[in-house]
Amino acid sequence: MKHAILGAGAIGGMIGTVLASLGEDVTVVVRAEKLPNYPANLVLERPSGAGPLTAPAKAVAALTAPVDVLWIATKTYQLQAALEAVQALPGCVVPLLNGVDHVAVLRARFGRERVVPATIAVEAERIAPGRFIQRSPIVRFNLAASGEPLLGAIVARLSDLGFNCQFIANEQTLLWGKLCFLAPFALVTSASGMNVGEIPADAAWKQKLTSAIAEACAVANASGAEIDAQKIQAIFDSSPPGMRSSMQKDLVTGRQLELDAIGGPIVRGGERHGIDVSTTAKLMVEIQAKTVAHRP
């Protein structure tokens, strides 16, 4: 099939490289000023022992021809601007953005049936144009069950490359299942400056993490998801101790944060459903104060 990647950062680049390595036809949409020097091959460095993947991909500044699948992996605050480069209607749109609110935005533009919500959980970085590194050994990749007829065969092949894949019938469970991990992880690591392994050793931050997980899961379930807080905690317990969140890295380097996309749905959901989300709200305030302190 023909695939296009909108948002060739860590996640988009990793997906594009993996798909191209499987023999799929991949086009990467990049900014016009990046196009002349963008490499003809994508390279993904993987955890020790797996070996790097190198695969060819075309680069364009605008998507003017239809593709079977458009993978969107921009930052949430970049989405509207990035969509201006999509000038042809794709057969299927698979968003890999953080949060939950982007799905409605994309369905309003492309149509409900074309959009197949998905989530991905992996620690990855872009180290240069067309070069990416996957730091965590497992990639958790979940898609809405509506995408299985089109994408089932490709997803099955991804398991050979270290992807742990599932098709999930309940879209709210799919989307909130990631956010219930990501929001506590991103907010607590960013506010504390600690990695995952350091948090349990600090009683105060451990309690904030536990509370943030409980708040996220309560809002998720009130929103129609089916999330077990103990299973979310188990994911934390099995995570590599040195793992840091992307928000934490962005905060240190002074980049814009996806604070509203990650924490906002929980705070707004708490208000809507009458759920106490004070820990999440306070963590967001602390991080916002840090962004001011880190500005040049």
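These are my notebook entries on what I looked up in a predicted model.

**Ground rules**

I number residues from 1 along each chain as its sequence is written, and I leave out hydrogens and water, since side-chain values use heavy atoms. As the model is predicted, local features need pLDDT of at least 70 and side-chain atom pairs count only at pLDDT 80 or more, while totals for chains, interfaces and linings use all residues.

**Entry 1**

I started with the sheets, taking helices (H or I, at least four residues) and strands (E, at least two) as DSSP runs numbered from the N terminus, and counting two strands as paired if DSSP finds at least two bridges between them.

I then looked at the pairing of E2 (residues 25–29) with E5, and found the two running parallel with three bridges between them. Thr 27 stands opposite Lys 58 in E5.

**Entry 2: the four-stranded sheet**

The other sheet I noted is open and mixed in its pairing, with four strands in the order E4-E3-E10-E9. E4 (53–56) and E9 (124–128) stand at the edges with a single partner strand each, so one side of each is left without a neighbour in the sheet. Neighbouring strands are turned by 20° against each other on average, with direction ignored.

Strand E3 (residues 41–45) pairs with E4 in the antiparallel sense over four bridges, and the bridge partner of Leu 44 in E4 is Leu 53. Helix H1 (residues 10–21) packs on this sheet, where it touches E3, E4, E9 and E10 (131–134), and its direction makes about 80° with that of E4.

**Entry 3: the cysteines**

I searched the whole structure for disulfides, each being a pair of cysteine sulfur atoms within 2.5 Å, and the search finds zero. Cys 180 is in no disulfide, and the nearest cysteine sulfur, that of Cys 217, is 4.0 Å away. Cys 217 is likewise in no disulfide, with the sulfur of Cys 180 as its nearest, at 4.0 Å.

I checked burial next, where buried means under 20% relative accessible area, exposed over 50%, and partly exposed in between (1.4 Å probe, protein chains only). Cys 180 is buried at a relative accessible area of 0%, and Cys 217 counts as buried at 4%. Cys 180 has its place in helix H5; leaving aside neighbours within four places in sequence, it is in contact with Ala 216, Cys 217, Ala 220, Ile 227 and Ile 232.

With neighbours within four places in sequence set aside, Thr 173 is in contact with Ile 168, Ala 225, Glu 226 and Ile 227.

Pro 200 lies in the loop between H5 and helix H6 (203–222), and at 48% relative accessibility it counts as partly exposed. The C-alpha atoms of Pro 200 and Asp 237 are separated by 9.2 Å, although the two are 37 residues apart along the chain.

**Entry 4: the cavity**

I looked for cavities on a 1 Å grid over the protein atoms alone, a cavity being a set of points where a 1.4 Å probe fits but cannot get out, with lining residues having an atom within 4 Å of a point. The count comes to one cavity of 30 Å³ or more, where a volume is the space filled by probe spheres set on the points, and grid points are joined across faces, edges and corners. About 30 Å³ of space lies in the largest cavity. The residues that line it are Leu 97, Asn 98, Gly 99, Thr 119, Leu 175, Lys 178, Leu 179 and Leu 182. Helix H5 (residues 171–192) gives the largest share of that lining, four residues.

**Entry 5: helix H8**

In helix H8 (residues 246–253) I found Met 247, Gln 248, Lys 249, Asp 250 and Leu 251 buried. Gly 254 follows H8, and its phi is positive, near 80°.

Conventions: Axes are lines fitted to C-alpha atoms, for helices over the stretch in contact, and angles run from 0 to 180 degrees between N-to-C directions. Contact means heavy atoms within 4.5 Å. On a 1 Å grid over the protein atoms alone, a cavity is a set of points where a 1.4 Å probe fits but cannot get out, and a pocket is an open set with protein on both sides within 12 Å along at least five of seven lines; lining residues have an atom within 4 Å of a point.
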